[in-house]
Amino acid sequence: MIKTNNLTKIYRTDEVETVALNNVNVEVAKGEFVAVMGPSGCGKSTLLNVIGLLDNPTSGEYYFNTQEVSKYTERMRTNMRKSNIGFIFQSFNLIDELTVYENVELPLLYIKMSSAERKKRVNEVLDRMKIAHRAKHFPQQLSGGQQQRVAVARAVITKPKLMLADEPTGNLDSANGEEVMDLLTQLNEEGTTIIMVTHSPSHAEYAHRTIQLFDGHIVTENIKKEFHL
Amino acid sequence: MFKNYLKIAFRNLMRKKFYSTINIIGLSIGITCSFLIFLFIQSELSYDKHYENTDDIYRLGVEYNIGGKIDHYCNIPRPIGPNLKAVYPEILEYTRLCGVNGLRTHKAMIEYEGNKFICDKIFAADSSFFKVFKNEFITGNPEHVLVQPNSIVLTESFAKRVFGVQEPFGKTITIDNEYEMNVIAVIKDIPGKTHMEYEAIVPWNVAYREGEENVWYGWHVYTYVKFPNNYDIKEFEAKFPEFYEEYMSETFERANGTCKIILQPLKSIHLTSDLTWEAYPNGNIMNIYIFSIIAIFLLVIACINYMNLATARSAYRGREVGLRKVFGSYRSSLIWQFIIESIIIALLATIVAIGIAELVLPLFNNLLVNNVEINFTKNPVHIFGLLGLAIFIGFLAGTYPAFYLSAFVPVRVIKGNLEKGLKGASLRKILIVIQFSISITLIIGTLIVLQQIDFAKNKDLGFNKENIMVISIKDTLVDRQISVIKEEFLSNPNITAVATSYNLPGIELNHTTVNAENDEGGFDPVGCQFMQIDYDFVDLLNMKIIEGRNFNREMDRAFWDGMLINEAAIRKFGWKEDVLEKGFSFGQDSEGNILKLDVLGVIKDFHVGSLHSLIQPIVVFLIPDEGDVFYHRHKRLFVRLKNENVFETVKHIRNEWVRIDPNNPIDYVFLDENIDKLYKAEEKLINLFSYFSFITVFIACLGLLGLASFTAEQRTKEIGIRKVLGASVSNITFLLSKEFIKWVLIANIIAWPLAFYAMSKWLQNFAYRIHIGLGVFILSGIIAMLIAIFTVSYQAIKAANSNPVEALKYE
């Protein structure tokens, strides 16, 4: 599903040039659950952003579903992203001014869908995430665990083929963290490809495979579980 | 999606009440002012548009050049109108108008069944009046009105005032106790605004003066002509010189002068004409420009606030932008979202603005001496105008923030890595500087106009204008008893002097051409102004005679016994020495000897008009106690009152006057008030400047307040650290305020030359004016600075007093 060839990302300011990704070659198969680990500043999030089509690489190739997308314009990336990729963030990143329901509904507004269909889909997902009773609440009225469940609900609402999670448990206590990991596992079992950045070795255990990054390079790849296409 | 935008917009408004309030108040004040200005401009542009064939109607004026002195009049000698019509067939109609009591005195007392009404818009007109100015007749036949003597046409509302519910047609009313008039027609009120308002029209015979009808120089009347549709007016202008040659040149050659015709399109008179003897004060196209600029200024300032606060608070919106992008929003839809949000705020501000506008409308009308009205049902254009304005402002204010905010890169904002509004800080500074430059310019303008008016009102005019009551004498019988009245008044110990004159300082004097003696003993015609006064006038006004003597009862018995002149006249006549031996010729006796009017004395220069114009050469003729040779209906009685008991003295005079002239109510003014009226336009300007500078400063301060609060929020951590390291509250307050003070200082640098240039131009309107000193600039700078410090210091002190532990924990 994902294949990169010598993916490089360099950030330049007036005086400093930082190589965030250096000739990274990654391959992720459809339905796979991959964890990305590494110390702070090693390029994990950058890799996730490039894979998530939030950012273009400086050089190298990136194939998403066999399509070379590294030179896509912002508009093309947006189109590709909104129907294929879901995101979960460490800090939940819910919009404070929108209710739980509206936050979850948001991605559907950008793909043409009837309001009846939207309503049905949002209610289903909220039920599934066990937060339907909180639908009319605003994010700041929820606990961290609940907020992340909303964020997961928002990420899955468009039924994306790829889910990118950037330290999804980083801001949660262990119980809530486990709960989120269970949700991700469940999604993966239903066929969603997941790439998750994490600092937690125990949460990385949930993945089929862990990629270790260091200074923009992939240093090791550990296959922990059998994964069959 | 639109619903989603609305929700977000409203929730943002509710969550950030402080900023929302600042934005809405700022925008609503901007919209209120612009809306009112729009109404004013609309009203000013609507004059004289309601008449049929209004494009074909012109008013005739003249430009005289008499002895090198050029004057422009909005009216013309009586015979020009009828003769032009007789000679040129392209003049389809002409009509002349004249106040029933003299050219500008279109005021009369109307009596019906013992009730008296003042009508101050009554004119005599040629019978063709309603052919030029088509009006809707309620009763009466337009073909037959203004033909019979002793008939009168009234407007509907004036007729209602006089007759109430009675049918006016056929009733008889008395005008000024003199003319009995039959109401022959009632017309609908003039449906629009006009520069020449009338409530009653009488036939020309009321204004007819045997000796004046064929005089080609002087004795002016308002004259309007109607040309065929689409007639090229230049063609007519080209023909006038031949008319002048044929009919007028001889008269003007005698006066050492020439005359040109001025054709003024009816529709443009109100805004562009300011000639001598306008029937009513006209508007001024400059006001339209000034007001438009002010409206734009106010809107820009209000929009700047919106832009500043919106971009400053980008940190709060940046995350939303990033997330929307992550979940599939295009930048273009985000741009629209922010523009729509800004339009929503502008619409909310518009609702507030309508409320404010209704509230301040009376004040606004009072300020502009206008009767602008807000009527959404009668004028749907007002609703569309306001809606349009709101959308325009929403666009104007929202576009920059929309582009700015929608440019956030999602990868940065979702990580919480926001610039916290620091990006775009320089633009915000520039915008604040622009706001304050405008504010300071207006403050300087206000102060300079104030200084000039103060200078004008307190300048030594060459006479003492205080405590002088000026009564108009309306009855010739009263006029004949002046000496007795004077004596009676003087018996009151609170009255120190009484004198008469035909002229009222503050009102333009009449012009004449005199044959002034030259050094070779000959006489040259020279244009100058003239006054007519009695023996007591110079002393009453405390004018100074610097050479020769005043009129003297014993020595000067008649007009031809001599005259006075002012210093400016000496300069104009070019007299170097022996002024008292010079004089003017005023004809020849039966033996061919030149009749000479000697100069008896020279009055130190004095101002009769406003300080806009230089002191003109003036010759002063005597009104002797007996045998006044001048024909004039309005002589004035000047009464100097003692400083004490003014109220009682005025009461005494009013009571006396009922006995002296039982037929006419007393009509008086105080000389100082009358002179101060010369600066009415400037007074209006001061009021406007003051209000608008207050408003611009207020809106600018709202913005400053918002930004100060934002800066304090942004620098919470810095403040915390500084306090932990030992900074005092005053250190922090200074730190936070200094930034803003710097911007205001820079604004001064921009505003000073701008204001200096603009106000120097304005002062050129005055022949006598103040010098613009540095003080006024420094004062304005200090005012702006203090206001700015006051505005930001509250936020700064609040931030400085916060607990550093809280600040650091928060971060």
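B:N135 is buried, with a relative accessible area of 14%; buried means under 20% relative accessible area, exposed over 50% and partly exposed in between (1.4 Å probe, protein chains only). This is a predicted model in which local features need pLDDT of at least 70 and side-chain atom pairs count only at pLDDT 80 or more, while totals for chains, interfaces and linings use all residues. Residues are numbered from 1 along each chain as its sequence is written, chains are lettered from A and ligands numbered from 1 in the order in which they are written, and side-chain values use heavy atoms, leaving out hydrogens and water.

You will find B:N135 in the loop between α4 (129-132) and β8 (137-139) of chain B; helices (H or I, at least four residues) and strands (E, at least two) are DSSP runs, numbered from the N terminus. Beyond its neighbours within four places in sequence, B:N135 is in contact (heavy atoms within 4.5 Å) with B:Y51, B:F130, B:I187, B:K188 and B:Y198.

Now move along to helix α5 (residues 156-163) of chain B, where B:F158, B:A159, B:V162 and B:F163 are buried. They sit on the same side of α5(B), because they cover an arc of only 115 degrees around the axis, taken from the directions from the helix axis to the C-beta atoms. An α-helix has 3.6 residues a turn, so residues three or four places apart point the same way. Among the elements covering the buried residues of α5(B) are β9 (151-155) and β11 (179-187) of chain B. After α5(B) comes B:G164, with a positive phi near 60 degrees.

For a contrast, look at B:L786 in helix α23 (residues 774-800) of chain B. B:L786 counts as exposed, at 53% relative accessibility.
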